[in-house]
Amino acid sequence: MGQHVLIKDLLAHAGEEVTVKGWLYNQRTSGKIKFLIVRDGSGLVQCVCTKKEHPELFELAEQATQESAVVVTGKVNPDQRAPGGAELHLSGLEIVSLAQPYPISLKEHGVDFLIDRRHLWIRSPRQAAILRIRSSLEMACRQFLHQRGFVLADAPIITPAACEGTTTLFEIDYHGEKAFLSQSGQLYNEATAMALGRVYCFGPTFRAEKSKTRRHLMEFWMLEVEAAYFDFEDNLQLQEELVYHLVQVVLEQHRSDLQLLGRDIGKLEAVSRPFPRLSYHDAVKLLQEKGFDFQPGEDFGAPHETAISEQFDSPVFIHRFPTAIKAFYMQPDPHNPEVVLGADLLAPEGYGEIIGGGQRIDNLELLEQRLKEHNLPRESFEWYLDLRRYGTVPHSGFGLGLERTLAWLCGLEHVRESIPFPRMLYRIYP
């Protein structure tokens with residue numbers, strides 16, 4: 001038996017005999033030659049077996065069903081026409097586990113059929129490619145921030161108070177007390193930023209809004225960044241550097257996965273810095289010129305975000321929203337208190353908001369006033385007010401939605417494909 005090698009690394013072992021451990025994705029026979037397509041999670045490889053050379057392997061391969069667990073051994077033969085650029089000329093085959101008739105055949109299936117079998121659907125090449133890119137995105141986010149002195153400080157998932165309004169909270173019974181699943185780790189990030197300077201958390205967040213759009217999930221992952229002594233401009237600069245970096249990582253590390261997904265790679269290559277910026281006021285004018293019946297003071301919906309982003313090849317910042325439609329903690333613009341030092345970053349091609357962020361109120365009296373205006377229970381926020389009592393400083397941050405970012409980069413029709421097991425309205429299984 002040769003050295004165990006991942007399929008993605010086969011080309012580095014050209015001419016060597018190696019072993020691949022995986023599952024049988026598909027097989028076909030052409031006369032006295034059998035072609036087995038094997039997957040191991042890192043990619044696909046075509047294994048060639050001739051009846052004349054290895055009659056016993058040829059016969060054994062006949063028994064193997066789709067998704068049977070197999071261990072194959074053979075010589076690596078570079079071949080540009082083969083999946084992954086290499087073939088394996090079989091000299092050994094072991095069936096570790098014979099699969100029962102597999103419910104997901106290689107023909108087309110409806111989305112409902114596939115999503116009911118999500119635990120199996122993720123084995124398909126398309127879904128595996130998406131999840132590999134997701135893994136690289138998470139890693140790239142962490143490395144990017146680590147290199148800039150940010151400390152990972154995880155925020156709690158069970159919280160006593162709302163972060164962005166109570167209408168979209170999942171309520172839970174916490175030993176007789178009312179508690180909620182977190183909408184965001186931001187408030188806790190502000191506390192850890194006062195201890196550690198530059199921080200981030202990266203974990204699941206929950207929104208109970210009854211939405212069935214292609215952009216929404218009930219449970220999604222958010223990268224949330226906060227930094228002391230960061231102003232609004234510092235914040236936008238960091239967001240731009242991060243998102244541009246993520247685009248470059250995907251282009252460099254996952255070109256073959258993007259091609260498998262049918263992604264128009266030219267759209268990603270067209271992303272350039274600096275990202276365009278539009279004030280909320282100018283964005284409203286743009287929408288009105290495009291024929292939308294949109295009044296100043298309203299918040300953007302999906303059609304509005306799409307119409308704005310269509311004007312640009314790169315993500316676009318919409319900044320300085322009206323104070324009335326933004327969260328209680330947003331810092332007013334010192335030049336115009338009617339708007340806040342906040343911004344949304346819209347992805348191109350109609351993928352909507354991928355980042356929301358801004359500068360936070362650091363003045364105790366103003367924050368107390370905002371809590372009153374938003375009818376929020378002061379007792380739940382006393383600890384948050386403490387941050388303004390003991391060494392308050394200007395600070396800013398943002399939250400990047402991982403699934404929406406991934407959906408844009410991969411060109412996905414629906415955000416449900418961007419997470420291993422999506423939680424959507426009326427769907428909690430599998």
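Student: How many residues sit between β9 and β10 in the hairpin?
Tutor: Two residues lie between β9 and β10 there, and H175 in the turn has a positive phi of about 50 degrees. Keep in mind this is a predicted model: local features need pLDDT of at least 70, side-chain atom pairs count only at pLDDT 80 or more, and totals for chains, interfaces and linings use all residues. Residues are numbered from 1 along each chain as its sequence is written, and side-chain values use heavy atoms, with hydrogens and water left out.

Student: How many bridges join β9 to β10?
Tutor: Four, between residues 171–174 and residues 177–181, running antiparallel. Strands here are DSSP E runs of at least two residues, numbered from the N terminus, and two of them pair if DSSP finds at least two bridges between them.

Student: Which residues in β10 partner E171 and I172?
Tutor: E171 bridges to F180, while I172 has A179 as its partner.

Student: What's the strand order in the sheet?
Tutor: β8-β10-β9, an open sheet of three strands with antiparallel pairing. β8 and β9 stand at the edges with a single partner strand each, so one side of each has no neighbour in the sheet.

Student: Switching topic: where does I158 lie, and why does I158 count as partly exposed?
Tutor: I158 is in β8, residues 158–159. I158 counts as partly exposed because its relative accessibility is 40%; buried is under 20%, exposed over 50%, and partly exposed falls in between (1.4 Å probe, protein chains only).
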